[in-house]
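I opened my notebook to look a few things up in this structure. Here is what I wrote down, entry by entry.

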Amino acid sequence: MLKIITNPNQILRQKSQPVANVANAEIKKLISEMTEIMMTKDGVGLAAPQIGQNIRLIVINHKDEVLVIINPKIVKKSFFKEWGEEGCLSVPGKYGEVKRHKSITTKYIDDKGKTQEVSAKGLLARVIQHEIDHLDGILFVDKVRGLHQLEK
Ligand code: CO
């Protein structure tokens, strides 16, 4: 199984490049491997830089369904923001509150190469914003308040 890269690491700090060809066999393999590792680690989302690939690809575990989000672009965001607890597989054991837009609309390409648009609020909106940050080299600890370590 793939290994998750943890902070600090330069790969997590780079701006990722768009995926050129979704139909590519390597991309398909990467999507299934990322899905597997996200499920195994019980994560709500995973971005490609977290497994060492600086490309704009995200998988999200949403209500037991896997959302594959490629080359995302937030096209609409609420004026209002809210604080909410976050953690990250690349920052193991640490949690804290981050301020995010309450709702967003994201345009992206799915795993079949089709353009999609999703309007999200609550947890899903939060997860999408967290994962898109990964694609821009940003970690939740950059924006956090009340960072704390959870004992295992
Ligand atoms: Co993360």
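**Ground rule.** I started with a cut-off: a residue is buried under 20% relative accessible area, exposed over 50%, and partly exposed in between. I also noted that I am looking at a predicted model.

**The loop between β2 and β3.** Asp64 has 77% relative accessibility, so I put it down as exposed. Lys63 has a relative accessible area of 73%, so it is exposed as well. I found Lys63 in the loop between β2 and β3, and Asp64 is in the loop between β2 and β3 too.

Then I checked the backbone angles here. Lys63 has a positive phi, near 50 degrees, and it isn't a glycine. Asp64 isn't a glycine either, and its phi is positive at about 65 degrees. I flagged both because most residues other than glycine have a negative phi.

**A cis bond.** The peptide bond from Asn7 to Pro8 is cis, and its omega is near -5 degrees. Pro8 sits in the segment before α1. I wrote this one down because most peptide bonds are trans.

**The whole chain.** Next I stepped back. I counted two helices and eight strands. Along the sequence they run α-β-β-β-β-β-β-β-α-β. How does the radius of gyration of the chain fit a compact globule? A compact globule with 152 residues would have a value near 15 Å, and the chain has 15 Å, so the two agree. The C-alpha trace spans about 40 × 35 × 30 Å along its principal axes.

I also looked at how the chain is packed. Of its 152 residues, 44% count as buried. I took contacts between residues at least 6 apart in sequence, and 65% of those join residues at least 24 apart. The accessible surface is about 8600 Å², and carbon and sulfur atoms hold 50% of it.

I had a general idea in mind: in soluble globular proteins, nonpolar side chains tend to be buried together. Here, the largest nonpolar core has 17 residues, and Met34, Leu46 and Leu57 have the most contacts inside it. The elements giving two or more residues to this core are α1 (25–40), β2 and β3 (65–77). The largest share, six residues, comes from α1.

I picked Met34 and listed its neighbours. Leaving out residues up to four places away in sequence, Met34 touches Leu2, Leu46, Ala47, Ala48, Ile51, Leu57, Ile58 and Val59.

**A buried arginine.** Is Arg56 buried or exposed? I got 11% relative accessibility, so Arg56 counts as buried. I placed Arg56 in the loop between β1 (45–47) and β2 (57–62). A polar atom of the Arg56 side chain lies 3.2 Å from the backbone oxygen of Leu135. Beyond four places away in sequence, the residues Arg56 touches include Lys15, Ser16, Gln17, Ile69, Asn71 and Asp136.

Asn71 lies in strand β3. Again not counting residues up to four places away in sequence, Asn71 touches Pro18, Val19, Arg56, Lys107, Tyr108 and Ile109. The Asn71 side chain reaches the backbone nitrogen of Val19 at 2.7 Å. I also checked Asn71 against Gln116: they are 45 residues apart in sequence and 11 Å apart in space, C-alpha to C-alpha.

**The cobalt ion.** Which residues coordinate the cobalt ion? I found Cys88 (SG), His130 (NE2) and His134 (NE2), at 2.1 to 2.2 Å. The spacing of these donors in sequence is C-x41-H-x3-H. His130 and His134 are four residues apart in helix α2 (residues 122–135), so about one helical turn separates them. Both His130 and His134 are buried.

Methods
Residues are numbered from 1 along each chain as its sequence is written. This is a predicted model: local features need pLDDT of at least 70, side-chain atom pairs count only at pLDDT 80 or more; totals for chains, interfaces and linings use all residues. Side-chain values use heavy atoms; hydrogens and water are left out. Buried means under 20% relative accessible area, exposed over 50%, partly exposed in between (1.4 Å probe, protein chains only). A polar contact is a pair of N or O atoms within 3.5 Å; within protein, one must be able to donate a hydrogen and the other to accept it, and residues adjacent in sequence count only if both atoms are side-chain atoms. Contact means heavy atoms within 4.5 Å. A nonpolar core is a set of buried Ala, Val, Leu, Ile, Met, Phe, Trp, Tyr and Cys residues joined through side-chain atoms within 4.5 Å. The radius of gyration is taken over C-alpha atoms; the globule rule is 2.2 Å times the number of residues to the power 0.38. Accessible areas come from the Shrake-Rupley method with a 1.4 Å probe; for residues, only the protein chains shown count as cover. Donors are N, O and S atoms within 2.8 Å of the metal (3.2 Å for Na, K and Ca); water is not among the atoms, so sites may look incomplete.
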